[in-house]
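Trainee: I am new to this structure. Please take me through one part closely, then link it to a few other spots.

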Amino acid sequence: MFADPLDERDLKRLALVCAGTLEESTARGSGWLIGRQLVLTAHHVVVDEHHEPLPTIKVRVGDPRSAAGSPKLVWRDAQLCWPGPGTGSAAADVSDVALLRLDKPVDVESSPSVRWGRAAGITPVPYHGFGFPLFAEPRPDDPARVRRGTWSRAAEHLRGELPPVSTDGLDGLVLDTNPWPAEMADPRRRWSGASGTAVFCHGRLVGVVTLDMRGGRRLYAFPTRLLLGDPAFARLVAEDTGEVPILETVRGNELGLGRQAPAFPPPGSLPSNVAESLSRVRLAMTKDISARITAQDLAMPEPLTVRWRERTDLFLDRADSHTCATGSLTGELKASSERDLGAAWLAGVLLAGGPRHLVVLGEAGTGKTTLAILLARALLDESDAVPVVLPMASWDPGDLDEPLSPGENGPADDSHRRGTRAHAGEVFATWFARRIAEVFPSARALCDPADLVHSHRLVAVLDGLDEMPRRLRAAAIARLDKYDGMLVLTSRSAEFAEASARGGVLSRARGIEIKPVKPADAVRYLTGRDLIRRREDRWKEIEDTVTSRTGPVADVLSTPLMLSLARKAYEHEGSSPSELAIAGDRAVIKKILLNRYLTSVYPNPTERRRTARWLTFLAREMGRSQGRDPDFHWWRLARAVPWPVIVLLYTLSAAMLGAAVGWFGEAINDEPESAVLVLFSGGLAGGFVGSLSGMIAGRTVHATGPPPPRPGIGATALSSLRHALSATTVTCLLGTVLLLGLHAGVPAEAGVIDRALTEWWVYLLANQSGEVASLASYIVLCLGVAVVATLLDTAHYGFPRHSAPRLASLLPALIGALRIGALVDIPIVAAVAMGGIDPEDAFLPCLMLASIVTVALGLGRWLAKPITSVEERSPVAILRTDRKATMITAGVSGAVATLVIAGLKMGTGSWLSTAASTGFEMGAGLALTVAYGSGSAWITFVLARIWLTVRRQVPPRLFRALHKAQEVGVLRPAGAAYQFRHDEFRDHLSRTSEPHR
């Protein structure tokens, strides 16, 4: 935790900032290059007294020591890029921090990337900073030097201690500094030039030195945790550095609360593969929790104070238990720099030998999930625990033996189960291991996820017992009570009480219940930003209502969710919160807030109407097809498309591609056939591949539960035969429709197709060996395509893939595929044995079919594998990775097949053009089979998006719309998924029948 200190390489990022003109600088400060072009400094250094950017800003980057081997120091032009006009965030309003963008990138060579941190605990943390204070100059008062701007290389190493508990009253950091300047007549000039100095603790950037108006031996810094809480700031950093900034916790030398009584086995006692898997899960959860904290503005200034009390009536009396030493669990999340101490204290109670299970209760919107997220971060900070945050909606624990009482289910809650025998369901540890395997494939690649569960290092943070079906909650309580690992559970109070009454209490648990927000805290939260911007009267009427605790407005604005929605909905100048006081009904006030919220983040009426339409569709689909799973993954979008439509989309798109392949293949042949005949036959071949792939993809997309085990040879053969017969039926229907259309439009060209079909049928009835062999080859080829598609889809099962081949695994993959190719040739060999086909006519088809299957299966499995780190990637990155894997796999397989088939044809005496044409057609057809038949998540997503866009259910540029919704705070990232930031807003949209105006 205290490793990775700064070293000499980091000084290549040190920056000197001068503003005004180079000949006559009016301001000087320090800075730090945090990426390639962004420099972090103090805001007052680069603006005038009217807070307008100075006309000229110059920055010098590099190690100032002449003997350090640093590149030549030069001045770079820079512009102020944050805060910009209309930033409107609290961090931009109260901070004295600026981001400068250099005119050219700076190559810092081997300097490590910047890591971000936040100081926590109560013990002072050593800090270091490097800057250019004026007192370090040999002649600091020489006016000629100041006018010329010829600053020397004199830098100062500022160092001392940062007491995390001390504050300047505005959430700023206090720095007790060892080097300090001599007394001056004007104390404000003592630290001149030090403003903008980057403050590091244990190698993490925790703050930026700001304007000091007091003098003395102390400096003051603005914390970076508040800067990263600003979406615009975090976005600029991510774009410049190429990675999302992650906030790490740094502490002094004291042991955290969780370390007083280690609750886990030492790392050395675990097998190496289990320890490495835990490390991967921990890193992924650190990134995910940091992203959630940033997305939910939990690191912003003026946070809301949340208080809770211990709930004892729903749990066993623990007066005689050893856990009574922990005392009452009543506490709070403060609206100050000590905000995280409450969550850290709860984590300490959980880790210090106290209750194994902690239950967080509260009404809708009270902040249960927020507290669970902060508690998970505290667990990461305080111990070697690995918290895993999971929604409970996807767990089926089974039913209790006794039926529910009459009417208990409600009209739409599986009432058909009343009075039936209970189904077994899934043990919690089994479900937990399965979800870890799904969410963290990189950990699954090293060891069995069950080993991670049994390592007793994981803490299950389970969100939303109340979101499970009502009939399952009691069984969930009963099964959770048998789990001896640590867990944190969130639920609404009434639903948990009902489930406990039927399923029994959690015998090893203690519970807390979040209390309604106090009126004074609510008023402070709502009016905090207005006080900064001098608009104190807007909330006057609401303030009086909330303070008096009377009326529906005070009732609605008693939860953190509604307060955050209210502040967001009425943050703009022209809005008037007083309209809430006019509404006399709680439901009406909620609806106004939720509609106002969307209006505030999408002020353009046309954009708002379109956004409301696709957000409503998304909310309904997440509730219907995903079992109230809060995660939306792009590869699950096709679940909104009916299975027959998926087959149709696959068939039509593949038929068009097949027709194009046939036309181009005949174009390079010296003896081309009729264009219409070529297009017709190519379209039918592509239609067969598309319909076959569409059936498999539709089954995969709409499947529920975990991926099935890989089928055996018999099951694969039966499944392939069934798919081939179904695809043949669809292809015949497609051919009939195409032929009827040609007869209606171009009868002469349709006659060419009729004559070709008639001649082939006559030759077949005449039992000519060549035609029989050709028919047998076509039949076996169809079976081969079905086998390839079935096996490739089984290997990926609709999940995104990446291309990371290893040369050592190529030969085993080809040998395994060769065995399948040999089995596909069995029908032709049997026909030869029975005398139906001349062996000479069967040799080349057998060789070609075996080659095609071997290339398709071997290279398809070798080049593309399921992504092993989904949780650590963004949705767009995963989409691009899967698209790249699909193209590489299809392209390489097609190219190899083209060369092999062309070589075989030339070996039998065919002309070069004929061999090239046949090789291209077969190779391109194989590429189409590999791309479509491999269960590519990207192809399914593209086809589904086209269908849904035509129906105006999703926007044409879906990811751009999702990113915009994330920026404005409607959605939030959750690893590779998107989530609605507020469940209440998601439920509101799912009940909406008309778009918002």
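**A loop and its backbone**

Mentor: Start at Arg952, which lies in the loop between α30 (937-950) and α31 (958-968). Helices (H or I, at least four residues) and strands (E, at least two) are DSSP runs, numbered from the N terminus. The model is predicted, so local features need pLDDT of at least 70 and side-chain atom pairs count only at pLDDT 80 or more, while totals for chains, interfaces and linings use all residues. Residues are numbered from 1 along each chain as its sequence is written, and side-chain values use heavy atoms, with hydrogens and water left out.

Look at the backbone of Arg952. Its phi is positive, about 60°, although Arg952 is not a glycine. Most residues other than glycine have a negative phi, and most peptide bonds are trans. Arg952 counts as exposed because its relative accessibility is 55%. The cut-offs are these: buried is under 20% relative accessible area, exposed is over 50%, and partly exposed is in between (1.4 Å probe, protein chains only).

Now go to His202. This residue also is not a glycine, and its phi is positive, about 55°. His202 sits in the loop between β11 (198-201) and β12 (204-209). His202 is buried, because its relative accessible area is 15%.

The peptide bond from Trp82 to Pro83 is cis, with omega near -5°. Pro83 is in the loop between β5 (75-82) and α1 (90-94).

Next, a buried lysine. Lys590 is part of helix α18 (residues 586-601). Lys590 counts as buried because its relative accessibility is 18%. Leaving aside residues up to four places away in sequence, Lys590 touches Val556, Met562 and Glu984. Contact means heavy atoms within 4.5 Å.

Finish with a helix pair. Helix α11 (residues 470-481) packs against helix α12 (residues 493-503) at an angle of about 65°, and their axes are 8 Å apart. Axes are lines fitted to C-alpha atoms, for helices over the stretch in contact, and angles run from 0 to 180 degrees between N-to-C directions. Residues of α11 that meet α12 include Arg473, Ala474 and Ile477.
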